[in-house]
Amino acid sequence: MNSRSSVLSALMLGLAALLPAAAVPADAHAHSHAHAHAGHGAHEHGRIGLEVALDGQTLTIGLEAPLDSLLGFERAPRTEAEKKAAKALLEHLRTGQGLFAPDAAAQCQPVSTTVDAPVLQAGGAAQGEHADLDASFVLRCAQPQALTAIDLGGLLDRYRRITRVEAEIVTPAGQFKSGLKRPARVLRWGR
């Protein structure tokens with residue numbers, strides 16, 4: 001697990017400790033603890049994992065994806081076309097523009113983005129047969145209480161190889177697991 005996943009997992013566990021016990025499903029702590037050690041599970045093409053954490057006005061969206069789900073290959077780019085595609089992927093993710101659309105009423109604005117994909121950097125090589133990309137998107141929400149969904153249409157339209165999204169969400173209202181399969185586009189949570 002990389003440092004960004006560790007930070008997001010720690011944030012999720014910290015937020016869970018602040019929530020009233022009644023707001024947390026019985027298996028949520030066990031799942032969060034397992035997640036802190038095991039990540040989102042097996043590497044599966046077409047599936048991406050999201051960790052969504054709302055702390056005050058700060059919304060953090062962590063993304064973990066097999067490179068195949070974004071680029072169609074999981075190794076250092078070899079051809080000029082692959083190098084161009086990898087560069088475009090990194091540039092697009094680093095801007096974070098148009099990937100996620102939180103509820104408009106929450107009035108969320110991007111603050112920062114980080115992307116970690118060592119295999120795509122100069123001289124990078126995959127460790128083992130599979131390579132992943134990890135990214136973190138931080139937004140500031142003026143009305144965080146209005147946040148109960150994120151439209152993933154921008155992400156899904158741009159990266160057509162993504163077929164399924166699995167998300168773990170921590171908000172002041174509780175911990176949730178949510179997912180979607182194409183053609184669905186909106187990740188929802190809450191009661």
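A pocket is here an open set of grid points, on a 1 Å grid over the protein atoms alone, with protein on both sides within 12 Å along at least five of seven lines. In this predicted model, the second largest pocket has a volume of about 200 Å³. A total of 15 residues line the second largest pocket, and Gly 96, Gly 98, Phe 100, Pro 110 and Leu 139 are the closest to its centre.

Three strands, β3 (101-102), β4 (108-116) and β5 (132-141), each contribute at least two residues to the lining of this second largest pocket. The largest share, five residues, is supplied by β4. Sorted by class, the lining of the second largest pocket comprises eight nonpolar and seven polar residues, with no charged residues.

Strand β5, one of the contributors to the lining, is also joined to β2 by nine bridges, and the two strands run antiparallel. Within this pairing, Pro 66 stands opposite Asp 132 of β5. Strand β2 spans residues 58-66 and is mostly covered, with eight of its nine residues buried.

Strand β2 also pairs with β1 (residues 47-55), again in the antiparallel sense, over seven bridges. Glu 51 has Gly 62 in β2 as its bridge partner. The two strands β1 and β2 form a hairpin in which two residues lie between them. In the turn of this hairpin, Gly 56 has a positive phi of about 65°.

Note on methods:
Residues are numbered from 1 along each chain as its sequence is written. This is a predicted model: local features need pLDDT of at least 70, side-chain atom pairs count only at pLDDT 80 or more; totals for chains, interfaces and linings use all residues. Side-chain values use heavy atoms; hydrogens and water are left out. On a 1 Å grid over the protein atoms alone, a cavity is a set of points where a 1.4 Å probe fits but cannot get out, and a pocket is an open set with protein on both sides within 12 Å along at least five of seven lines; lining residues have an atom within 4 Å of a point. Grid points are joined across faces, edges and corners, and a volume is the space filled by probe spheres set on the points. Helices (H or I, at least four residues) and strands (E, at least two) are DSSP runs, numbered from the N terminus. Ala, Val, Leu, Ile, Met, Phe, Trp, Tyr, Cys and Pro count as nonpolar, Asp, Glu, Lys and Arg as charged, and the others, Gly among them, as polar. Buried means under 20% relative accessible area, exposed over 50%, partly exposed in between (1.4 Å probe, protein chains only). Two strands pair if DSSP finds at least two bridges between them.
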